[in-house]
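Welcome, and take a moment to look over the model below. We will walk through it step by step.

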Amino acid sequence: MRRLMVVLLASLALTGLAGGALVALNLRGEEPVAMPAVAFEATPAQVERGRYLALAGNCAGCHTQRGGAPYAGGPGIETPFGTVHASNLTPDTRHGIGDWSAGHFWRAMHHGRSKDGRLLYPAFPYPSFTRVTREDSDALYAYLRSVPPAAVPNAPHRLRFPYDTQLALAVWRALSFEPASFVADPARTAEWNRGAYLVDGLGHCIACHGTRNSLGATETSRGLAGGLIPGENWYAPSLASTREAGVADWELRDIVQLLGSGTSPRGSVMGPMADVVHGSTQHLGTADLTAMATYLRELPAAAAVEVAAAPATPRAAPERRDAGTMERGARIYDQRCAYCHGDAGQGAPGAYPPLAGNRAVLMTTPVNLIQIVRQGGFLPATAGNPRPYGMPPFGQVLDDGDIAAVLTYVRGAWGNDAPAVSLQATMRR
Amino acid sequence: MGGRRRHLVAGVLGCLLATAGPAPAAPVAAPATIPATSHGVPDTIGQRVAACIACHGREGAIGNGAFYPRLAGKPAGYLYNQLASFRDGRRFNSDMTHLVRHLSDDYLREIAAYFAGLDLPYPDTPSTSDATPATLARGRELALEGDATRGVPACVQCHGAALTGVQPGIPALVGLPRLYLSSQLGAWLTDSRHALPPDCMREVGRRLTTADINAVASWLAIQPVPATAKAVAALPRPLPLPCGSMPRAADARTP
């Protein structure tokens, strides 16, 4: 009996300690939000600065519905744990953040906690936004106070148990999140530091270009080494590997042009990155784009995550491909693709990208190619590329087998030597 | 399917080759050249939007298995409104939304004007239908007279006496595939297609039944297209419903 009491007391104490640690870890670094709120008088310059920063962070990309009221909340973000809805950020007091103080807003950005103290889901990329300065957070707050209030109710998240509980989120945060501040590297130029602040902070590039662990947390230590975007079946290529989307060997001006216009002599953006250029980077000033380009160009080289396991030395023998598939692929290529991309995959730079030797074609994972063939698309219309050329969506006329065959051919013709594309890969939606 | 694919391929290649070829001889001495970019691809709007032809064809697809609507010669205002609606979430088609999601108003206007300006012959419409004579008669009645008891205006009241559309915002209803017509009318009925407010077709669509839709789509799809299948400049009478896709002057005009 006494033994049982000891065990019970001990486990109670342990639970208490774990709970205390959980709370402490979730609140670390937090200062209480001043109540009543400190009076906040936004200057016009601050509002304008906030408007610009909201573009740099592409807030509208998640917080605005297609054609909906600006910042009134967005469509669901698919995650492996369920769907998370971006909330209403307009100054509506009932549904938006009308009754938030600048201190509440800062706590959300820096600590990932809502006004009512709820822990926020990291689909809101506060693991990146935690590096945003208080000054910039206040400017964003000032701007969001200035947009028209919209009485649009927030859609409830749809998450599976146990991910729908605050306890799960508390455990996740204890393991995966710590508030941080941007610390400039004195050994680097001011430009590089500005780029680092934008890329790793508001830009939250790692949300797509980083890998995530089994808990869905971005793995900062692995950097921008590429990752499959949850729920979208697009692969955000590594920015640290020149075999993928790394820009270490690019001219600075080409990187700036890519981010500013969506296209450059070295490559163009499609898929989710076209969303980013359209909603964010095309609106940024040349100085900030140059800063981002400087930082991205000097990212430490790292093997892309997806190829890290592959042998570093070139294969002795070329990839083996099924002759029948290659023949079928060649026939489809001649019918559908050759007119624009050329008989030898040479493309027409500026209008239609080359496919021979194109690293986007040769990346190990073919998911982006499958999406592009199926959906086609136009590059984003930007000031630097206002009338882009387009590609038809071939999903209506090519079945999964056709797409596997034509991509196997494209990845194996004209000196290209990337793995064949399987039917299983094209059947995955 | 194989036949349709060949047709699509022929359409795409036909258009691409046509736009890539030399421009028609100009009456002046200056050589008529299509401005080409450094890569040799014509710097024309036709070349830039050649992607559209893959599904829509140059003249539009006609036939019982066809779906994609004709673009050539439709009023520019109508085409622009549809492109913007796909972009801004008023119409839903995943391919169309994906294609136009990042395009600007200016570019969408240019694309709309390009297709509106194409003056191409219509392919022959099918002359037979598997719809019953009674269904076709009902379709004809709805198109030409409407159904006053349910407040359904006749198609001709807004789409023109010859159903060839009205400038700048009302499309032709002839020369379209039955499948497309019925799916669009069905989308109005189920509130999954929208237009700029006031959304007149939403009002009409919600008053229709599925039987009405089948009847009117079946009848419209087999109407021969008049030789001058141009959208008319104006309607003889005001629109029966206020319509956001038409300038206000149009619905205020008196007979």
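**A guided walk through a predicted complex**

Let us begin with one residue of this predicted model. B:Cys155 counts as buried because it has 21 C-beta neighbours inside 10 Å, and the cut-off for that label is 20 or more. You will find B:Cys155 in helix α8 of chain B, which covers residues 155–159. Which residues does B:Cys155 touch, once its neighbours within four places in sequence are left aside? They are B:Ala143, B:Leu163 and B:Leu173. Another residue to look for is B:Glu145: ten residues separate B:Glu145 and B:Cys155 along the chain, and their C-alpha atoms are 7.8 Å apart.

Now step back to chain B as a whole. Chain B contains twelve helices and zero strands, so its pattern along the sequence is simply α-α-α-α-α-α-α-α-α-α-α-α. Of the 255 residues in chain B, 41% are buried. If you take the contacts in chain B between residues at least 6 apart in sequence, 67% of them join residues at least 24 apart.

One helix to pick out is α11 of chain B, residues 210–221. This helix has twelve residues and spans 16 Å from its first C-alpha to its last, close to the 16 Å expected at 1.5 Å a residue. Is α11(B) largely enclosed or largely open? Ten of its twelve residues are buried, so α11(B) is largely enclosed by the rest of the structure. Among those buried residues are B:Asp212, B:Asn214, B:Trp219 and B:Leu220.

The domain assignment gives domain 1 (2–16 + 44–116) and domain 2 (133–252). On the side of domain 1 that touches domain 2 in chain B, there are ten nonpolar, seven polar and four charged residues. Across this boundary, 21 residues of domain 1 of chain B are in contact with 22 residues of domain 2 of chain B.

Chain A has its own division, into domain 1 (26–171), domain 2 (190–307) and domain 3 (323–427). Between the C-alpha centres of domain 1 and domain 3 of chain A there are 39 Å.

How many residues does each chain bring to the contact between A and B? Chain A brings 27 residues and chain B brings 27 residues. On the chain A side, the elements giving two or more residues are α11 (272–279), α13 (323–341), β8 (377–378) and β9 (390–391). By class, the residues of chain A that touch chain B are 15 nonpolar, ten polar and two charged.

Finally, a word on confidence. For the complex, the predictor gives an ipTM of 0.91 and a pTM of 0.89. The average pLDDT of chain B is 83, and 79% of its residues score at least 70. Where in chain B is confidence highest, and where is it lowest? The highest value belongs to helix α7 (residues 133–144), with a mean of 98, and the lowest to helix α1 (residues 2–20), with a mean of 37. Over residues 1–32 of chain B, pLDDT stays under 50, and the model has 29 contacts beyond four places in sequence for them. Residues 250–255 of chain B also stay under 50, with 13 such contacts. Where pLDDT is low, the predicted coordinates should not be read in detail.

Methods
Residues numbered from 1 in each chain as written. Chains lettered and ligands numbered in written order. Predicted model: local features only at pLDDT ≥ 70, side-chain atom pairs only at ≥ 80, totals over all residues. Helix = DSSP H or I, 4+ residues; strand = E, 2+ residues; numbered from the N terminus. Contact = placed C-beta atoms within 7 Å. Domains from an automatic or database assignment. pLDDT = per-residue confidence, 0-100. Nonpolar A, V, L, I, M, F, W, Y, C, P; charged D, E, K, R; others polar. Expected span 1.5 Å × (residues − 1).
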